[in-house]
Amino acid sequence: MNPMQFDKDGDGKLTKDEAPEQMQAFFDRMDTNGDGAVDSAELAEVRRRMEAAGGPGGPDNPSGPGGAGGPGGSGGPSGEKAPK
């Protein structure tokens with residue numbers, strides 16, 4: 001999914017109001033320069049960090065596919081770590 005598809009006013013930036021609901025929860029972490037909008041450079045950085053962390057289901061997203069609680073993961077349905 002390309003989040004910029006939600007850029008309703010076409011200014012090349014995505015504001016929290018324009019962002020889809022699931023993205024609004026972590027919008028402030030994506031807005032690294034604090035200008036109230038996320039641009040393509042900030043989105044590229046988010047993608048880079050996700051890839052470095054193992055993508056969806058990596059250490060920063062344990063409930064994604066392959067994460068601790070996701071399909072193929074090592075945790076229970078709510079993401080608990082399996083006892084060692």
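Predicted model: local features only at pLDDT ≥ 70, side-chain atom pairs only at ≥ 80, totals over all residues.
Residues are numbered from 1 along each chain as its sequence is written, and side-chain values use heavy atoms, with hydrogens and water left out.

The structure holds three salt bridges, a salt bridge being a side-chain nitrogen of Lys or Arg within 4 Å of a carboxyl oxygen of Asp or Glu. In one of them Asp-35 meets Lys-13 at 3.6 Å, N to O; this pair links distant parts of the chain, 22 residues apart, with Asp-35 in the loop between helix H2 (27–30) and strand S2 (37–39) and Lys-13 in strand S1. Helices (H or I, at least four residues) and strands (E, at least two) are DSSP runs, numbered from the N terminus.

Asp-28 and Lys-16 also meet at 3.6 Å, N to O, and they too join distant parts of the chain, helix H2 and the loop between S1 and helix H1 (21–24). Glu-45 pairs with Arg-48, the closest N and O atoms being 2.7 Å apart; because these two residues lie three apart in helix H3 (residues 40–52), about one helical turn separates them.

Asp-7, in the segment before strand S1 (13–15), is buried (under 20% relative accessible area, 1.4 Å probe, protein chains only; exposed is over 50%, partly exposed in between), yet Asp-7 has no salt bridge, and the nearest side chain of opposite charge, Lys-8, is 9.5 Å away.

Note on methods: Lys, Arg positive; Asp, Glu negative; His and termini not counted.
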